[in-house]
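Me: I have a structure open and would like to learn how to read a few of its features. Can we take them one at a time?

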Amino acid sequence: MKKTKSNGQPLVAKTQGKGGNVGKPPSEIPQGNKDPVSKNSSSPSKPITKKGQKAQKEERVSKILAILQRLYPDARCALEYETPVQLLVATILSAQCTDVRVNMVTPGLYKRYPDAKAFARANPSELETLIQSTGFFRNKAANIIACCQELVAVHGGLVPKTIEELVPLAGVGRKTANVVLGNAFGVPGITVDTHVGRLSRRMGLTQETQPVKVETELMEQIPQPLWTIFSHRMIYHGRQVCDAKKPRCGSCALAPICPQTGVEKRGMPC
Ligand code: SF4
């Protein structure tokens, strides 16, 4: 992923929001004991209070974060882009499509349409042809054109830097908005895609299935400066270890602290 400037719009901005850890780099955020512990480490003879349960949960989350950090220290957005507009377009294209496939299409696309103005003026049929291999190409082409027309008409051809301004754009939901905010502007955001949702439920971080509810629960548990990198690390772990159909719990570093909620043990390598 290249990070450059374009059209006077910097790709990375200072982190924003509330919370005591805001603005601190991940290395300065307390991660707790980095060694995995047994799921049954507390004494069974002592009744656990609500306060104790909360402390246990926080400790477990810290350990999950520490293990993910150790496993994927350099996790990053897999989409190739050089400007916020390009990342926005690539993220719209990535719906129901692999990042690898999107990266095969975007070099030619960025060359043909170098900025929001060019995308806004695109001929729908030509754009559809260029992005056809990413699937759902008619909808995606219509959304990209409409989205960029809104960027030109309302935001001076630049990508806005708040979720409130991003979500109303054509083809942009919270997931896309958080990808753009986190990776183009450095504004922390939790991206709940299929991997993040599945892993969060298996790890016992949430029982919710609706992405927006999962996002809300994760925001309460994960320190804000880590939201973006946490999303990347969960996606990496989902792709490499915690597969949707065949999670490799037997060789997973998180196994000692993961309740493996919803994982079917029989017939699985757990
Ligand atoms: S222990 Fe199993 S369910 Fe838990 S994160 Fe690892 S692979 Fe996924």
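Me: Is Val167 buried, exposed or partly exposed?

Reply: Count the neighbours. This is a predicted model, and in it Val167 has 14 other C-beta atoms within 10 Å. A buried residue needs 20 or more and an exposed one 12 or fewer, so Val167 is partly exposed.

Me: Where does Val167 sit, and which residues is Val167 in contact with beyond its neighbours within four places in sequence?

Reply: Val167 belongs to the loop between helix H7 (163-166) and H8. Setting aside the neighbours within four places, its contacts are Val172, Gly173, Arg174 and Ala177. Ala177 is 10 residues away along the chain, with 6.3 Å between the two C-alpha atoms.

Me: How many helices and strands does the protein chain have?

Reply: There are 11 helices and 0 strands. Of the 270 residues in the chain, 35% are buried. Among contacts with a separation of 6 or more, 65% join residues 24 or more positions apart.

Me: How do I read the sides of a helix?

Reply: Start with the general idea. An α-helix has 3.6 residues a turn, so residues three or four places apart point the same way. Now take helix H10 (residues 211-221), where the buried residues are Val214, Glu215 and Leu218. Viewed down the axis of H10, these fall within an arc of 100 degrees, so they line one face of the helix. The face turned away from that buried side carries the exposed residues Val212 and Glu220.

Me: Which helices do the buried residues of H10 pack against?

Reply: They pack against helix H8 (174-184) and helix H9 (194-202).

Me: How is a pair of packed helices described?

Reply: For H9 and helix H11 (residues 227-240), the axes come within 8 Å and cross at roughly 85 degrees. That makes H9 roughly perpendicular to H11. On the H9 side the contact is made by His195, Val196, Arg198 and Leu199. H11 contributes Ser231, Met234, Ile235, His237, Gly238 and Arg239. By class, this contact has 4 nonpolar, 4 polar and 2 charged residues.

Me: How many residues surround the ligand, and which are the closest?

Reply: The ligand is surrounded by 14 residues, and the closest are Cys242, Pro247, Cys249, Cys252 and Cys258. Sorted by class, the shell holds 11 nonpolar, 1 polar and 2 charged residues.

Conventions:
Residues numbered from 1 in each chain as written. Predicted model: local features only at pLDDT ≥ 70, side-chain atom pairs only at ≥ 80, totals over all residues. Near = placed C-beta within 6 Å. Nonpolar A, V, L, I, M, F, W, Y, C, P; charged D, E, K, R; others polar. Helix = DSSP H or I, 4+ residues; strand = E, 2+ residues; numbered from the N terminus. Arc of directions from axis to C-beta. Contact = placed C-beta atoms within 7 Å. Axes fitted to C-alpha atoms, helices over the stretch in contact; angles between N-to-C directions. Parallel < 35°, antiparallel > 145°, perpendicular 65-115°, else oblique.
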